[in-house]
Amino acid sequence: MSEEKIKSLEKQFEDRILRDEKIEPKDWMPEKYRQTHIRQISQHAHSEIVGMLPEGNWITRAPSLRRKVALLAKVQDEAGHGLYLYSACETLGISREELYEQLHTGKAKYSSIFNYPTITWADMGAIGWLVDGAAIINQVPLCNTSYGPYARAMVRVCKEESFHQRQGYEIMMTLAKGTPEQKDMAQDALNRWWWPSLMMFGPTDAESVHTAQSMKWKLKRKTNDELRQQFIDQTVPQAELIGLTIPDPDLKWNEERQSYDFGEIDWDEFWQVVKGHGPMNKERMNARVSAWENGAWVRDAAIAYAEKQKEYKSKQAI
Amino acid sequence: MSEEKIKSLEKQFEDRILRDEKIEPKDWMPEKYRQTHIRQISQHAHSEIVGMLPEGNWITRAPSLRRKVALLAKVQDEAGHGLYLYSACETLGISREELYEQLHTGKAKYSSIFNYPTITWADMGAIGWLVDGAAIINQVPLCNTSYGPYARAMVRVCKEESFHQRQGYEIMMTLAKGTPEQKDMAQDALNRWWWPSLMMFGPTDAESVHTAQSMKWKLKRKTNDELRQQFIDQTVPQAELIGLTIPDPDLKWNEERQSYDFGEIDWDEFWQVVKGHGPMNKERMNARVSAWENGAWVRDAAIAYAEKQKEYKSKQAI
Amino acid sequence: MKNKDLYNYILGIADNTLILGQRLGELCGHGPSLETDIACTNISLDLLGQTRSYFQYAAKLKGEDATEDTIAFLRTERQYVNVLLVEQPNIDFAHTIGKQFLFDVYHYLLLEKLQHSKDVNLSAIAHKSIKEVSYHQRFSSDWVKRLGDGTDESKTRMQDAINDLWRYTDELFHTTASDEAMIAQGIGVDVKELKTSYYERVSAILDLAKLDIPESKWFQEGGKKGIHTEHMGYILSDMQYMQRTYPNMTW
Amino acid sequence: MKNKDLYNYILGIADNTLILGQRLGELCGHGPSLETDIACTNISLDLLGQTRSYFQYAAKLKGEDATEDTIAFLRTERQYVNVLLVEQPNIDFAHTIGKQFLFDVYHYLLLEKLQHSKDVNLSAIAHKSIKEVSYHQRFSSDWVKRLGDGTDESKTRMQDAINDLWRYTDELFHTTASDEAMIAQGIGVDVKELKTSYYERVSAILDLAKLDIPESKWFQEGGKKGIHTEHMGYILSDMQYMQRTYPNMTW
């Protein structure tokens, strides 16, 4: 294709995005758009399936049947999200196997929050409330992103996430109004998950790459710092409502900004976890890789069986 | 060797046994004596190491530190017994590997009692009291058996077993005088282990093979039924003393025999377990075979290392 | 308790769904594919949902402070009456599927009859559950066929799993005294009568899967009397952990 | 409690021996040979015996109804302060040995100093325990060498284990506020000062074993603050099962 032709296609493409038209899999798109979307959508899909592990850890130990069923349903939803997101990603011409390969070799990332351990039942509440809460703030704008399959997947994901978020908050509320031991458990979970949740919005704007381009393609509509502030402003009153304390001595309402000021995030910890040295990075990756490797014979069997069935049917047709 | 010569050796051999002299590994012995001893000693060794499993099952869950330590020590003793018994067996010209091979392929037997599951803590008491109790009755006469290495191993084994038996009884006693739940737990364990313990003495004399020959070689001094009766007569008062009930409605003191009459043993169950279809036969064998197979690389490494060290030393010596 | 037999009868059904659901719950996020993970989680959800309906009813019968959770979490091992089959470990996907399949076929036959129970609560639960179980049965049968008639490795694994688990099938058709009392009243299902259909259906699927039907006539039992395999204690120590550690709290 | 810092300091030592002893106890009857089974059981026995001595002393300090068993079994996960290293699973014999080795070298250095504690009870326990730990250290070092310099497979496995576990070594040398208070009083050992010797000794053995010394500078911590890995909950659910299920009974 001539350079001129490409330029013209690019122009048309950018105009369509400006007009809020959706880009669909069969449409022409710049290679960089395709690659950026593969990166982001797959990272999102990987986060869903790695995210099944910390919560999956409490299924066998949930304290009531109702909570066990709700937790199973939540983890199942995450698997479902993984499924639509992988499918959305596959429309960009990459296979699920390739995507898994990228995850398993560490080439692709997933949300660092899942590299923290879930050590008490209250962590199920904190994850729903804070982690899903932060995820929603990150994700709601993506319901209007430019790539059609991703936007449509996000509509469904966001709806379910907000249900999860309410459920998580309700777990925290129950604990907070329970016995002193339960309240301690809730506060302890908030203490451990608060800062990692703030880190979910990524580095400060000054350090963030990709932002400008992502804004243009509607992969991003606000900056990391704006989203983080939105999360804090939304969450602090929720904590107060149930009598829990945000573990940040510098947290203070700023009348002028009509927003909360907050303390310094431990960016060393952030980068340590991103680089693969968080408390559970190795365990999470081992769990995924083992599941995949131990499942190889099952997937092979399914393929072999399907082929035999096809053969058998085509023989019958003759 | 001429037939006459063999006859004469056999005569001398039997005379030595009659005179209560010990047969030692380097002494001449009839092939049948050797084979019978390999069978019996290895079966005994296998029983010790398979017997580690049902008790090992409660180490992580023992209800107090004192009991946990005592249970570990007991299981360790069993491993030790296995070790001397395998060593005694090896003096008859068979290797440990061959003996394990016989166990793992099902060619060699082990005591059927270990094919029952340990499902409550009280089973640790019942096993010590009843199973070790029955084992001692079977084994004490073997301290005077004709084959020296076996007799000497048994002296040590019996001493430790009687300590285990007292410890088991003490567990039962503690439970029996504990809360109603604890007493129920003790009674339930007695209910489950009583009949299998009676089966430990083997089939009734009418059905038992090997007995005459074994008597001659002092591998056996009383018949199965005599030993079983001795066990019952010894155990019933022990149960009464701590307020537990032997689960046999036909049990009754026989004034004339000065011994207890007792109900019919379920010989179908006995043969089912002997034939490998007891509740845990498959699990016990899987556990042993897995331990052995998963440990192959470790044993190989130890051999390789020892060879390298030898080589290294011989090089230094030059 | 007035309806002791009915109460026991309900536990005899619901302990199976509880423990099988619990076992499946272990696998979340560790399955061979996302699709099988979703399906297994879904089956676990169905089974635990059914368990809740049964235990809510049982709690009403029991009265006092009984709730679905005290029944689910606060019994000792000897008081659980699930069959040995459902507590067997997820050694590999073939064992998970084999266990599920051998239970599902039974479960479907049971619910078919239980729909006609004279007890309206049980009949309603059965009516609601049978649609779910019909899906479970299809899922597990399909996988038995895929694995049995897939590759050499999958065939060997699936056959091993069926051979291992076969000895636990006979117990499905045993009855306790409470079961018999409920059968006599037209409330309980006489599972003894399901045995022939069960082995026919199971055999038909195994045939399609090109697997051998085990010939062993040696079976294990005990679960229905509360005498479990050594796996059960470990299932319970996790399952009951929270309720035992933090008694009498609301979650 | 008057001696809160001393109490905490003791837990900081004895939770390590408790959890490592518990972990070793899982292996009874499942090891690669009868000889290693006996040795591992023996080490577990030693560690739990030491734990009893420490907890008996701690129970006296705590007073009220505290016993060695309430301390061992009736705390919640967040109250156990063992290092993350000792709770790591027995993935294979190389991991079991690697964990033991990395702990034993530390443990020996600790007890060497603890013998000179101004607290006579601690010094007596240390004095008694160091002979046992000297044997542990010899056993685990010998096996590190055997596996490291054995076959290709054993070398790979041993190296993997060391690489996996290395990240948990730095935490051995962290101190809590209670530790610092005890150090100041000449009761506690300043573990920070053991760090250099530790890595020298460990490196010397790894060299002899022809293994690479990991270069990673990324370490994990949390155990000493009661923030454990996800393994800990499962260890406790088994370990506490009886005490939680049957509270306040004598065994």
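How far is the sulfur of Cys28(D) from the closest cysteine sulfur? The closest one sits in Cys40(D), 8.8 Å away, and that is too far for a bond. A disulfide here is a pair of cysteine sulfur atoms within 2.5 Å.

Some ground rules. This is a predicted model, where local features need pLDDT of at least 70 and side-chain atom pairs count only at pLDDT 80 or more, while totals for chains, interfaces and linings use all residues. Residues are numbered from 1 along each chain as its sequence is written, chains are lettered from A and ligands numbered from 1 in the order in which they are written, and side-chain values use heavy atoms, with hydrogens and water left out.

Back to the cysteines. Over all chains, the structure holds zero disulfides. Cys40(C) is in none either; its nearest cysteine sulfur belongs to Cys28(C), 8.9 Å away. Now burial. Buried means under 20% relative accessible area, exposed means over 50%, and partly exposed is in between, with a 1.4 Å probe and protein chains only. Cys40(C) counts as buried, at 7% relative accessibility. Cys28(D) is also buried, at 4%.

Next, chain A as a whole. Its secondary structure comes to twelve helices and two strands. Helices (H or I, at least four residues) and strands (E, at least two) are DSSP runs, numbered from the N terminus. Along the sequence, the pattern is α-α-α-α-α-α-α-α-α-β-β-α-α-α. The radius of gyration of chain A is 22 Å, close to the 20 Å that the globule rule gives for 318 residues, so chain A is as compact as a globular protein of that length. That radius is taken over C-alpha atoms, and the rule is 2.2 Å times the number of residues to the power 0.38. The C-alpha trace of chain A spans about 75 × 50 × 30 Å along its principal axes.

What share of chain A is buried? Of its 318 residues, 57%. Contacts next, meaning heavy atoms within 4.5 Å. Take those in chain A with a separation of 6 or more: residues 24 or more positions apart account for 77% of them. On charge, chain A has 42 positive and 46 negative side chains, with the centres of the two sets 6 Å apart. Lys and Arg count as positive, Asp and Glu as negative; His and the chain ends are not counted. Each charge is placed at NZ of Lys, CZ of Arg, CG of Asp or CD of Glu.

Now some single residues. Lys218(A) is not a glycine, yet it has a positive phi of about 65 degrees. It sits in the loop between helix H8 (211–216) and helix H9 (224–241) of chain A. Lys218(A) is buried, at 13% relative accessible area. In chain C, Lys210(C) is another non-glycine with a positive phi, about 60 degrees. Its loop runs between helix H8 (195–208) and helix H9 (231–239) of chain C.

Two glutamines to finish. Leaving aside neighbours within four places in sequence, Gln230(A) is in contact with Ile137(A) and Lys222(A). Gln230(A) and Ala134(A) are 96 residues apart in sequence, but 9.2 Å apart in space, C-alpha to C-alpha.

Gln100(D) lies in helix H5 (residues 93–114) of chain D. Gln100(D) is buried, at 3%. Not counting residues up to four places away in sequence, Gln100(D) touches Leu20(D), Leu24(D), Ile43(D), Leu47(D), His136(D) and Ser140(D).
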